[in-house]
Amino acid sequence: MKTFDVLDITGYRGLPVPNSMVRVVENAVRLAVIFPGLRYTTSMPGCYYPGLVMLFKGADVLNVDYDYTKPEFQALSDGEQSRRIEADASAAVRTALSAGKYEKITLIGKSLGTIVLGQLLAAEPVLKDADFIWLTPVLRSPPAQQAMKSRPHHGLFVIGTADTQYDGSKLTEVVQSTGAESLVLPGVDHGLEIPGDVPGTIRAMETIARRIDDFVR
């Protein structure tokens, strides 16, 4: 039976970071943290089903429900936006880790969430043995791509050929420089959908879920 909780996460300049923690077992030794896209929430399929895979693996799952579409965030400079995102993400991970005795950590990011993962990969030594799952990574952003390559890690990059961020050569470069794995989905767009093809979209999501299940150690 699932239980739901909200952690007291204090992020950038003392502001709260919205979240929900889902648990299916007591005293879980595995933690998963999900960072969604800018307008793609943790309740949407591309984040929900990977989270469900982790729950079935006995993980506690922290959904980080930030909302960076608000005017007060958009009014910040680019540098300050980046600092806020990093501060919120680091606070979320450290607060979640303090909520249990976790031996295994999996981080899942979707789009903007992959920028978050890049920041954490480069800045958080506590995550050196974590699993990193990059859903629709922003490969065409040079700073984001550089962060993805900041060190070797146990990673899985998932992207579709119809995604505007897809670039085969950049994906190959990131995978080769980190020792990560990749899953390329024909015809799948940035929303992890095949436009006009509901059955195909469902099959693609099943492929993603099965690959994540196999990938996570």
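S111 sits in the loop that joins β5 (104-110) to α4 (112-123), where helices (H or I, at least four residues) and strands (E, at least two) are DSSP runs numbered from the N terminus. Although S111 is a residue other than glycine, its phi is positive, near 60°, and S111 is buried, with a relative accessible area of 13%; buried means under 20% relative accessible area, exposed over 50% and partly exposed in between, with a 1.4 Å probe and protein chains only. The model is predicted, so that local features need pLDDT of at least 70 and side-chain atom pairs count only at pLDDT 80 or more, while totals for chains, interfaces and linings use all residues. Residues are numbered from 1 along each chain as its sequence is written, and side-chain values use heavy atoms, with hydrogens and water left out.

- Beyond residues up to four places away in sequence, D163 touches T136, V188, D189 and H190, contact being defined as heavy atoms within 4.5 Å.
- Between D163 and P137, which are 26 residues apart along the chain, the separation of the C-alpha atoms is 9.6 Å.

**Nonpolar cores**

- A nonpolar core is a set of buried Ala, Val, Leu, Ile, Met, Phe, Trp, Tyr and Cys residues joined through side-chain atoms within 4.5 Å; the largest one here has 41 residues, and F35, L62 and L107 touch the most other members.
- Helix α3 (residues 78-97) supplies the largest share of this core, namely six residues.
- Another core, of 27 residues, lies apart from the largest one and includes Y40, A59, L156 and I212.
- When neighbours within four places in sequence are left aside, L62 is in contact with L7, I9, N19, S20, M21, A32, V33, I34, A92 and A96.
- As a general background, nonpolar side chains tend to be buried together in soluble globular proteins.

**Helix α6 and its surroundings**

- Within helix α6 (residues 168-178), the residues L171, V174, V175 and T178 are buried.
- Viewed down the axis of α6, these buried residues fall within an arc of 95°, so they line one face of the helix; the arc is that of the directions from the helix axis to the C-beta atoms.
- S169 and Q176, on the other side of α6, are exposed.
- The partners against which the buried residues of α6 pack are α5 (142-148), β7 (154-160) and β8 (181-185).
- After α6 comes G179, whose phi is positive, near 75°.

**Packing of α1 and α7**

- Helix α1 (residues 45-56) packs with helix α7 (residues 198-215) at an angle of about 35°, and their axes are 9 Å apart; axes are lines fitted to C-alpha atoms, for helices over the stretch in contact, and angles run from 0 to 180 degrees between N-to-C directions.
- The contact involves P45, G46, Y49, P50 and V53 of α1 together with M205, A209, I212 and D213 of α7.
- Sorted by class, the contact of α1 with α7 has seven nonpolar, one polar and one charged residues, where Ala, Val, Leu, Ile, Met, Phe, Trp, Tyr, Cys and Pro count as nonpolar, Asp, Glu, Lys and Arg as charged, and the others, Gly among them, as polar.

- N63, in strand β4 (residues 59-64), is buried, with a relative accessible area of 11%.
- Not counting residues up to four places away in sequence, N63 touches P18, N19, S20, V22, I34 and T42.
- S90 belongs to helix α3 and is buried at a relative accessible area of 14%; with residues up to four places away in sequence not counted, S90 touches L120 and E124.
- Q145 lies in helix α5 and is buried, its relative accessible area being 9%.
- Apart from its neighbours within four places in sequence, Q145 is in contact with L139, K170, E173 and V174.
- Q145 and L38 are 107 residues apart in sequence, and their C-alpha atoms are 18 Å apart in space.
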